[in-house]
Amino acid sequence: MERQVMSTKRDVFDPPEVSMVTSRKVSCNGGGGALGHPRVWYEMGDEDFVECKYCDRRFVLIGGREDPSSAK
């Protein structure tokens, strides 16, 4: 299951979209359709996030160090 979180503040370093996920293995197709990209799979490895190399969407593990809703 994945939750979509949109950034309210834009910066040149902010990812265009952040998806909160429950699995370390994720897939991305850029939203599908004519504006998407080929489906690619990523594994987070030792990190709690991964970014798509095509569209820069960031996938963040819920409860991980990069989760903005988790207490630090």
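The model is predicted, so local features need pLDDT of at least 70, side-chain atom pairs count only at pLDDT 80 or more, and totals for chains, interfaces and linings use all residues. Residues are numbered from 1 along each chain as its sequence is written, and side-chain values use heavy atoms, with hydrogens and water left out.

**View 1. Strand 6 and its parallel partner, strand 2.** Strands here are DSSP runs of E with at least two residues, numbered from the N terminus. Strand 2 (residues 18-21) runs parallel to strand 6, and four bridges join them; two strands pair if DSSP finds at least two bridges between them. Look for Val18, whose bridge partner in strand 6 is Arg58.

**View 2. The hairpin of strands 5 and 6.** Strand 5 (residues 49-51) is antiparallel to strand 6, with three bridges between the two. Val50 has Phe59 as its bridge partner in strand 6. Six residues separate the strands of this hairpin, and Asp56 in the turn has a positive phi of about 70°.

**View 3. Asp67, after strand 6 (58-61).** Asp67 is buried, with a relative accessible area of 3%. Its side chain reaches the backbone nitrogen of Gly63 at 2.7 Å. Beyond its neighbours within four places in sequence, Asp67 is in contact (heavy atoms within 4.5 Å) with Met20, Val60, Leu61 and Ile62.

Definitions and conventions
Buried means under 20% relative accessible area, exposed over 50%, partly exposed in between (1.4 Å probe, protein chains only). A polar contact is a pair of N or O atoms within 3.5 Å; within protein, one must be able to donate a hydrogen and the other to accept it, and residues adjacent in sequence count only if both atoms are side-chain atoms.
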